[in-house]
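Subject: Structure handover

Dear colleague,

Please read the notes with the structure open beside them.

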Amino acid sequence: MMLWDEETAANYDTPGEGMFAADVVEPAVARLAELAGGGAALEFAIGTGRIGVPLRAAGVPVTGIELSGPMLRRLREKADEATIPVVVGDMATASASGQYTLVYLVFNTISNLLTQAEQVECFRNAARHLVAGGRFVIELWVPELRKLPPGQSAVVFGAEPGYLGLDTYDVLNQRVVSHHFDFDFDGSRAARLSRSPHRYIWPAELDLMGQLAGFTLESRHADWAGAEFTADSRSHVSVYRRPLKEQ
């Protein structure tokens, strides 16, 4: 079954709540608009346009790459092809026409590429789309392996009424599967389980991928607002930059 199928796309948007809350979206849009520097932006895995649509509304020309037809159809309910052009394809290999000062990947999406080789190719694809001095921005979580005692392979990452989130780790192969359980306590509807596989990446490994593609790490913060990244940070926003001149 396709990960980003019709059911997932239909339930993906939560307007004003969760990752669609204003205090989550607005700092990301503001930072990305600043990093675009007056140029055009390309979003890898643009999805339903959670970030791309408000970034375009902020005056930044946005193009997307998206593999999922159902997710793209949801985006088209918000913005037409003339407003946000989208190339259907894999973010590690697909090409979009034009020149970009910014390529970006949000909400852990690079981890949906399940091999190291694919993740390296994603960096190289970003480099191919960027002008000299352009930036590649990645928002990514930090693997929470410190929570795993010996012999345990699962960590609860979210628990609230009607929802349970559980990550199961394969530390040998650097894989994690996120399990999302949605249910009603009164049994009024059937429980729903969705899963998403990921290949987790340590920040240092991500930096090496950047070097292989010709990038230099420009900055790393714990969030879009610029909080300091520390050993206890659960996620990071990393900005990589192409050289101003070809070497």
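The largest cavity is lined by R31, S219, H221, D223, W224, G226, V237 and V239. Please bear in mind, here and throughout, that this is a predicted model. The space in this largest cavity comes to about 40 Å³, and the structure holds 1 cavity of 30 Å³ or more. Two strands, β10 (216-221) and β11, each supply at least two residues of its lining, and by class that lining divides into 3 nonpolar, 3 polar and 2 charged residues.

In one of them, the ring centres of F123 and F136 are 5.1 Å apart and the planes stand at 85°, so the pair counts as edge-to-face. Because F123 belongs to helix α5 (residues 116-129) and F136 to strand β5 (residues 130-141), this pair ties together parts that are 13 residues apart in sequence. Both of these phenylalanines, F123 and F136, are buried.

F123 also forms an edge-to-face pair with Y240, with 5.4 Å from centre to centre and 80° between the planes. Here F123 in helix α5 meets Y240 in strand β11 (residues 235-241), and the pair therefore ties together parts that are 117 residues apart in sequence. Y240 is buried, as is F123. Ring pairs link these residues into a cluster that consists of F44, F123, F136, F215 and Y240.

Finally, which residues of helix α4 are buried? In this helix, which spans residues 69-76, they are P70, M71, L72 and L75. The elements that cover these buried residues include the helices α1 (6-12) and α3 (52-57), together with the strands β2 (62-66) and β3 (86-88). At the start of α4, a side-chain oxygen of S68 comes to within 3.2 Å of the backbone nitrogen of M71, and M71 is itself one of the buried residues of the helix.

With best wishes

Conventions. Residues are numbered from 1 along each chain as its sequence is written. This is a predicted model: local features need pLDDT of at least 70, side-chain atom pairs count only at pLDDT 80 or more; totals for chains, interfaces and linings use all residues. Side-chain values use heavy atoms; hydrogens and water are left out. Buried means under 20% relative accessible area, exposed over 50%, partly exposed in between (1.4 Å probe, protein chains only). Helices (H or I, at least four residues) and strands (E, at least two) are DSSP runs, numbered from the N terminus. Contact means heavy atoms within 4.5 Å. A polar contact is a pair of N or O atoms within 3.5 Å; within protein, one must be able to donate a hydrogen and the other to accept it, and residues adjacent in sequence count only if both atoms are side-chain atoms. Rings of Phe, Tyr and Trp (its six-membered ring) pair if their centres lie within 6.5 Å; planes under 30 degrees apart count as stacked, over 60 as edge-to-face and the rest as tilted. On a 1 Å grid over the protein atoms alone, a cavity is a set of points where a 1.4 Å probe fits but cannot get out, and a pocket is an open set with protein on both sides within 12 Å along at least five of seven lines; lining residues have an atom within 4 Å of a point. Grid points are joined across faces, edges and corners, and a volume is the space filled by probe spheres set on the points. Ala, Val, Leu, Ile, Met, Phe, Trp, Tyr, Cys and Pro count as nonpolar, Asp, Glu, Lys and Arg as charged, and the others, Gly among them, as polar.
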